[in-house]
Amino acid sequence: MRLIADIHTHTLVSGHAYGTIREMAQAASEKKLEVLGITEHAPGIPGTVDPFYYNNLKVVPRELYGVQIIHGCEINILNDGTLSLEERFIQKLDYAIAGIHTLCYQDAGVQKNTENVISCMKHPKVKLISHPDDNHTPLDYEALVRAAHDTDTALEVNNSSLVKKEKRLNCYDNYRNMLNWCQILSVPIIVSSDAHDPSWVGRFELAEKMLEEMNFPELLILNNDTEKLIRFLVQN
């Protein structure tokens, strides 16, 4: 398996990450990645950037160290099923990631948690659901994957979750469940590092191992081909 893009990463702008865009891009180049997505945290995460930041993304070069740079945001799913970033800023992005973070979300039970995620999937800029793997905010995986199919949304396998499995309750079994439904319904996934430091860019080892053990079809992995990925994220 060869993965050529890491599209869920954070720079120091997110408030609890430790590299600049250029340091992250250089790390991506060293890992021989072709695409790097910078996805700072949206409002709701302590210390993250003011949304005004997204108004000026045009000044960032679209290629650094031979790596294509794309701009997203990891937006929080809120308890009312809405996103934590205003629409005027969402429209400045190439793509959006939506995810539950317990810093700004209170567990509402399996059914309501799932409904809230599905509600955010319907936004046309939301192309990926981040780390849907933690039983602190449990999900109905059949319903989640069916909604991903219907809304043309990808689901993430987050390598960082697998690294910190003690904090992400039951994440391994949840991913296996989700991935089984993805195979049944032909729903695509994206493998991400969720890097908060340049040293973690392109780190996919545990996610790759799980996918290989499950014989997960490479046809359903979006970030193993640049053209396929960009078409899905930006042109779709």
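These exercises concern a predicted model.

**Exercise 1.** Classify Glu142 by its relative accessible area, then describe its salt bridge with Arg146.

Solution.
1. Glu142 has a relative accessible area of 33%, so Glu142 is partly exposed. The class in question runs between the cut-offs of 20% and 50%.
2. Arg146 has 39% relative accessibility, and therefore also counts as partly exposed.
3. The two side chains form a salt bridge, with N to O at 3.0 Å.
4. Both residues belong to helix 4 (residues 141-151), where they are four residues apart, about one turn of the helix.

**Exercise 2.** Find where Arg62 and Asp94 lie in the chain, and state whether each is buried or partly exposed.

Solution.
1. A salt bridge joins the side chains of Arg62 and Asp94 (2.7 Å, N to O).
2. This pair links distant parts of the chain, 32 residues apart. Arg62 is in the loop between strand 2 (35-41) and strand 3 (63-64), and Asp94 in the loop between helix 2 (87-90) and strand 5 (96-99).
3. With 46%, Arg62 is partly exposed. Asp94 has a relative accessible area of 16%, so Asp94 is buried.

**Exercise 3.** Determine the geometry of the aromatic pair found in the search of the whole structure.

Solution.
1. The search gives one aromatic pair. Its rings belong to Tyr53 and Tyr54, with centres 5.2 Å apart.
2. The planes stand at 90°, so the pair is edge-to-face; the cut-off for this class is over 60 degrees.
3. Tyr53 is partly exposed at 21% relative accessibility, whereas Tyr54 is buried at 2%.

Technical notes
Residues numbered from 1 in each chain as written. Predicted model: local features only at pLDDT ≥ 70, side-chain atom pairs only at ≥ 80, totals over all residues. Heavy atoms only, no water. Phe/Tyr/Trp six-rings, centres within 6.5 Å; stacked < 30°, edge-to-face > 60°. Buried < 20%, exposed > 50% of the residue type's maximum accessible area, 1.4 Å probe, protein only. Salt bridge = Lys/Arg side-chain N within 4 Å of Asp/Glu carboxyl O. Helix = DSSP H or I, 4+ residues; strand = E, 2+ residues; numbered from the N terminus.
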